[in-house]
2 protein chains.
Amino acid sequence: MPRRNSGQQPSARRGHGPDIEAVPFSTRNGGARISLLSEAERHQLALISSVVHVKPGAHLYEARQPAGAIFNLIHGVMKTVHPLGRSRQIVTAFLFPHDLVGLSEAGRYVNSAVALTPVTAYRMPIPALERLLRRAPELEYHFLCKVCHELRESQHHAIALGRKTAASRLAMFLHMLEHRQPTEVRNGDIHLTMSRSDIADYMALSPEAISRTFRTLRRGGILAIKNRQHVSVLDRKRFDALIDNA
Amino acid sequence: MPRRNSGQQPSARRGHGPDIEAVPFSTRNGGARISLLSEAERHQLALISSVVHVKPGAHLYEARQPAGAIFNLIHGVMKTVHPLGRSRQIVTAFLFPHDLVGLSEAGRYVNSAVALTPVTAYRMPIPALERLLRRAPELEYHFLCKVCHELRESQHHAIALGRKTAASRLAMFLHMLEHRQPTEVRNGDIHLTMSRSDIADYMALSPEAISRTFRTLRRGGILAIKNRQHVSVLDRKRFDALIDNA
DNA sequence: CGGCCCATTGACTAGTGTCAATACCTGTGG
DNA sequence: CCACAGGTATTGACACTAGTCAATGGGCCG
């Protein structure tokens, strides 16, 4: 029974193998995120993968180091940060389960990946992955879909950074977070896994600006801030207006 | 002699079929942009491609429209713009020959592509391309490399937008333009195909800020502005300092 | 219970957006 | 060849937003 090999630990319950999610090109299923891989494909990937664990604050890999593998998140949240002089760093992306991470250029990682929570991930060595993809065009196509998805998200990030006001940027950030959750109970509650500084580094604002803007949105009745990790959209109409305008 | 067949016109010399360039993952050829496709692959793509022409200011395709094809630029320069309310638009990318353009999501284009100069491009219908890619894993792998390259460029764009000062952003923009030219005579001369407004929309600044910053850099002896389309880096050291800092 | 780090708040400054006016380049027509 | 018209680019004056520095408050872990 190759499907459910003798799992030793909790991660083995969903441990059929790597899994990646994206919004596909095609028009079916109106723009929802779906799992791209079949059971067979996950099994193929599992054969070349190992599982790694990363503690909060630790690096999965570091920029400029030789790139040996690509990773697929199973549990936890990560950020990729771009080294910037000795100034404040830039967060280029937040990564959640079913995401791919470990983009390289000329054999080296282009950024550093840091865990925000305890992280579990599949580690897929690049040579083995490359061999596998060349044998399995369908699987390779799904990787292509996923990378295109990440490209769209990066462009979305750039669009957010183009907004002039902090309120507009923060709203776009929360909107992004909300839409990465499965379509389940999307009732306006948003869980913030990352710190204010991380949000600031992602949105190219100061942590103080993040605080001030949260306060402004709360006083305006647009957001409810339950605690540092949980906010809620109260006035959807004005919230969306922040995203559309300026 | 398949390499240099009897060219009829300038475009025909490189007219063997679609061609895409990127910096590959692997460590060979120290980070230079190379052509990804073999002659055979270009020929395969040529069989499903047609050639389209776009006048300056005209659209190659428009956001939200059903996506029927992906395009590969042969000549000219384009921009992709994101529709943003009725406010000023956001330029998400500039595209040059050997680039791919036409990313879709759920069957529709995610942005609009506008020609800045007379443009010639290969038009590759998505269904035919998809069939071809599934038969040709090697070719598909090269598309994957190209999309990863575009992802890195988009992240680079986001990093540029994260810079606080206009001088730093503009320097990063010029740096990007310079590095898209082939490594030939990279003597500091930079050709600006796009208008000041386009630069402003790409860097999330006002056109006035672009003008002011050009003036500041010229007065500081960092840049020489020959005319509206040609600038030149005079003080490379301080120019690079603008890119690294802030 | 205490210490540490993160988050928040306030005062001030610096830099960009905005609005308005002028100068410049391009292509057109006389 | 020159004059003209349109759009683009530049320049200036002013308002406004976010950055910075500094200090306080709050939560979490030892």
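Predicted model: local features only at pLDDT ≥ 70, side-chain atom pairs only at ≥ 80, totals over all residues.
Residues are numbered from 1 along each chain as its sequence is written, and chains are lettered from A, ligands numbered from 1, in the order in which they are written. Local features need pLDDT of at least 70 and side-chain atom pairs count only at pLDDT 80 or more, while totals for chains, interfaces and linings use all residues; side-chain values use heavy atoms, with hydrogens and water left out.

I begin with the aromatic rings. Rings of Phe, Tyr and Trp (its six-membered ring) pair if their centres lie within 6.5 Å; planes under 30 degrees apart count as stacked, over 60 as edge-to-face and the rest as tilted. By this rule there are twelve aromatic pairs over all chains. One of them joins Y61(B) and F71(B), a stacked pair with 6.0 Å centre to centre and 15° between the planes. Y61(B) belongs to strand β4 (residues 59-61) of chain B and F71(B) to strand β5 (residues 69-75) of chain B, so this pair ties together parts that are ten residues apart in sequence. Helices (H or I, at least four residues) and strands (E, at least two) are DSSP runs, numbered from the N terminus.

Another pair, F94(B) and F173(B), is edge-to-face, with 6.0 Å centre to centre and 65° between the planes. It links distant parts of the chain: F94(B) is in strand β7 (residues 90-95) of chain B and F173(B) in helix α5 (residues 166-180) of chain B, 79 residues apart. F94(B) is buried at 2%, and F173(B) is buried at 0%. In chain A, ring pairs link Y61(A), F71(A) and Y109(A) into a cluster.

Charges also meet rings. A charge sits over a ring if NZ of Lys or CZ of Arg is within 6 Å of the ring centre and within 35 degrees of the ring normal. R134(A) lies over the face of Y141(B), 4.3 Å from the ring centre, and R134(B) has its charged end over the ring of Y141(A), 4.3 Å from its centre.

I turn now to the DNA. A polar side-chain atom of E208(B) lies 3.1 Å from a base nitrogen of DNA strand C. Helix α6(A) gives the most to this surface, with four residues.

Finally, consider H157(A), in helix α3 (residues 137-162) of chain A. H157(A) is buried, at 3%. Leaving aside neighbours within four places in sequence, H157(A) is in contact (heavy atoms within 4.5 Å) with V91(A), T92(A), Y202(A), M203(A) and A158(B). By contrast, P125(B) is partly exposed, at 24%.

Key. Buried < 20%, exposed > 50% of the residue type's maximum accessible area, 1.4 Å probe, protein only. Polar contact = N/O pair within 3.5 Å; in protein donor to acceptor, adjacent residues only side chain to side chain.
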